[in-house]
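Opening the notebook on this one.

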Amino acid sequence: MLLKSIEQTKLALPALACLIQSNDDEVLTGACWALSYLSNGTNDKIQAVIEADQEILWDCMRKSGSSSVMLFNFKKNLFPSQQELFSVRLQQFHTIPAVPPQPFHEKELNHQRFIQLLQKCPRVRSLDATKSVHALVIAAEWNYPQPIFLNNNIISAYVALGELFLARKVFDGMPQHNVVSYNSMIGAYGRHGNAEEAWELLSEMRDCGLEPNQFTFGGLLSCATLDLYKGYVVQALIIKSGLLYADAFAGTALLGLFGRHGRLDETLRAFEDMPLKNLVTWNLMISLFGHHGFAEESLIMLRELMGMEESLSEYSFVGVLSGLVSEQELESGEQVHGLLIKNGLGCKVLVLNALINMYAKCSRPYTAEKIFGEAPARDIVSWSTIIGALGKSERPGKAFELFMKMCADGVWPNQASFVGVVNSCTSLQILTCGELIHAKIIKHMFESDVFVGTALIDFYGKHGDLEEARRCFDSIDEKNVVSWNALVWGYSQKCRLSSVSLLHEMTQFGYRPNEFTISSVLKSSLVAESQQLHSLVVKMGYHRNEYILCSLITTYAKNGFISDALILVPATDMPFPVVPSNVIAGVYNRTGQYHKAQELFSLLEEPDIVSWNILIAACSRNGDYKEVFELFGHMQVAHICPDKYTYVSLLSVCTKLCNLALGSSLHGLMAKTDLKRCDTFVYNVMIDMYGKCGSLESSLKIFNEMIDKNLISWTALISALGLNGCGDEALHRFREMEVVGFKPDGVAFIAVLSACRHGGLVNEGMELFSKMKTKYEIEPNMNHYFLMVDLLTRYGLLKQAEQLILGMPFPPNALIWRSFLEGCKRKHRVENIELEHINMESFG
């Protein structure tokens, strides 16, 4: 027995050295006590072991910078012979009066000291420190028999560090267990998602005659992988044991299980059956309703809780805010925000994060950014939330800017922040920004994460860099269907055959394609591939899926097989789902079958905004301009809010009618309702409408007020200036467009050449036309040649016009010949007039 004690002491001394190096004062104090505890034995051989290793311990103390109080206490607990060993070294420290140590010969006090040391170890977050204390406990076994609860504390210490294997090893080595032993292990397995081990321990516990308590069931029910069947068994045990009526702990854990499985009816039933509820119970119910999209029910429960005059916590409001995810729920979100401020909870980081998320999802990114900017404290969740929100908004550049500021402030990026900033780079369409973030992802070792990797695949796929997209895909450790879908979509945009091969590869690796996978491949496939994919759709049972049905109809129609596309439409007068109906109506629209589009619309019970837009566009293309505005009136009566596509169709009708009053009235209505719905696309159409209706001032005003201009904006303005006879100004704007960084395309040259034609700028027009191919690398088409021929013939340069026609790389069309002949006719008429004038003068 003495030999064993000596060996244990030798093992314990390095453990003490590890503990003494801790920066935690209480852990250090405990380590010093443990040394004195070991040295209090009467055996000379054990003391000799300690004295032999005192140099090691002293070096550890010196390096740790131990406080003088601790060293004083440490010295007071040593025997005289041991004090002599340390006396010289201790004089190097400034000693101050300290509380005399308590006697350590009492076993109960020693046991309490060990427990205190075990409880302080998780604060250090060191596995070595925990193992050191464990070694001390084993070494002290010769002097004091280990009680069961000492081992329970060792298990808890290992569990706190996530070391389930070591915790289970201690558990299995215990000669005796109690309820706390089982609870510690069941809770640990529950938190780590190991339902099978937790369930086996519960069965073993009951077989041993131990009665589970509320903490046993709470630990098991918290397991994310526990299935519903076992949950029902646990529910029966809770009711049978009477724990449901003892307190709210077990019942609340049961609500969490039902909520995770989406069984809200059973959750509500169990909640109503609970005789005792606490604030955590109410918060959980509010959060579950909010998480599953039942915002109204979540708000009702919050009102009930407030009526009970309970002291609300931040979690009560965070649960409600998580369910407010649409613009229609913005008013409720603002009311909850007011309640938070009233209750003094508006400055908590958790609450601020929930508010940022709520305003972002309710289409108020500016408000979300304001809350973030005014937040007194932020964490990584705050940064990630605002970066993700702005990345999906109309200002992705701001998300990128905030991410760089976050890194500059020393905040370590996480998975969510990387996903958000990669999405912002995708929206920005700037390859170098994405490559910079990709480098940071590699530096922070996130390239193997499935979410970050999928965002990178999407980024490179949308930039056409399929090789890099594939490399990012191969770097992901655990791929999922979403990562496969991102890669398939990228290849479907540029490499049709590769997307089909990827679909085959995906199925070979055991992944089941979903509707997004098949739709991506369908949209890029030819007829033969579409028919094979159609067979796969039927085989997999997706033939009734609305999303895939739409893709099939679109694919057949795009390849010119309109009859095959329409075969998919059921021959019945029964209402057809709205999304496929919209696709079919779009096919009718493109093929000029406007009356069939109208018939299909009449069969819909609840047409959506897309249905209305298709019908309005059909009437516009068919020339039924009066009916277009009648439909717009019916649409407002039906409380369907118009979007930008509605306004574009209506403005196009105003342009065709050249009705300035009608267009101005529509502009006023847009400004009155919500001008924020209008984007650059709508403003471009408005510039064109005002220009063609003769209101050049309105076109200029809209253009100058636009924040985000694109090439089409500049082209529309140049066209408006040309139509209204301002050729010089049109040329000036064309050059200004180049200065700000927009490279003109073929349409922009049509606008500027047309302006030269209307303004009589022959030399400028000829110069621009000559530079199209040499400077701008744009091959002139039939429209460009027509404008140049018309410009030359209109001002009598028939020879140059003839040379231009003869040099065309393709045969001139009828419009070009007509323009040239009309020019000859005008020239001949002018020559006749001049001849008559000369004759009259000669005979005069």
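**Entry: helix 41**

I kept in mind that this is a predicted model. I started with helix 41, which runs over residues 680-692 and has 13 residues. From first C-alpha to last I get 18 Å, close to the 18 Å expected at 1.5 Å a residue.

Next I asked how many of the 13 residues of helix 41 are buried. Ten of them are, so I noted the helix as mostly covered, with buried taken as under 20% relative accessible area. The buried set includes Val-682, Val-685, Met-686, Ile-687 and Met-689. I also found Tyr-683 and Tyr-690 in that set, along with Thr-680, Asn-684 and Gly-691.

What do these buried residues pack against? I listed helix 39 (644-657) and helix 40 (660-674), plus helix 42 (696-705) and helix 43 (711-723).

I looked past the end of helix 41 too: Gly-694 follows, with a positive phi near 90 degrees.

**Entry: cavity search**

I then searched the whole structure and found one cavity of 30 Å³ or more.

Which residues line the cavity? I wrote down Ser-581, Asn-582, Ala-585, Ala-597, Leu-600, Phe-601, Leu-604, Ser-611, Ile-614 and Leu-615. The elements giving two or more residues to this lining are helix 35 (578-590), helix 36 (594-602) and helix 37 (609-621).

Sorting the lining by type, I get seven nonpolar residues, three polar and no charged.

Technical notes:
Residues are numbered from 1 along each chain as its sequence is written. This is a predicted model: local features need pLDDT of at least 70, side-chain atom pairs count only at pLDDT 80 or more; totals for chains, interfaces and linings use all residues. Side-chain values use heavy atoms; hydrogens and water are left out. Helices (H or I, at least four residues) and strands (E, at least two) are DSSP runs, numbered from the N terminus. The expected span of a helix is 1.5 Å times one less than its number of residues. Buried means under 20% relative accessible area, exposed over 50%, partly exposed in between (1.4 Å probe, protein chains only). Contact means heavy atoms within 4.5 Å. On a 1 Å grid over the protein atoms alone, a cavity is a set of points where a 1.4 Å probe fits but cannot get out, and a pocket is an open set with protein on both sides within 12 Å along at least five of seven lines; lining residues have an atom within 4 Å of a point. Grid points are joined across faces, edges and corners, and a volume is the space filled by probe spheres set on the points. Ala, Val, Leu, Ile, Met, Phe, Trp, Tyr, Cys and Pro count as nonpolar, Asp, Glu, Lys and Arg as charged, and the others, Gly among them, as polar.
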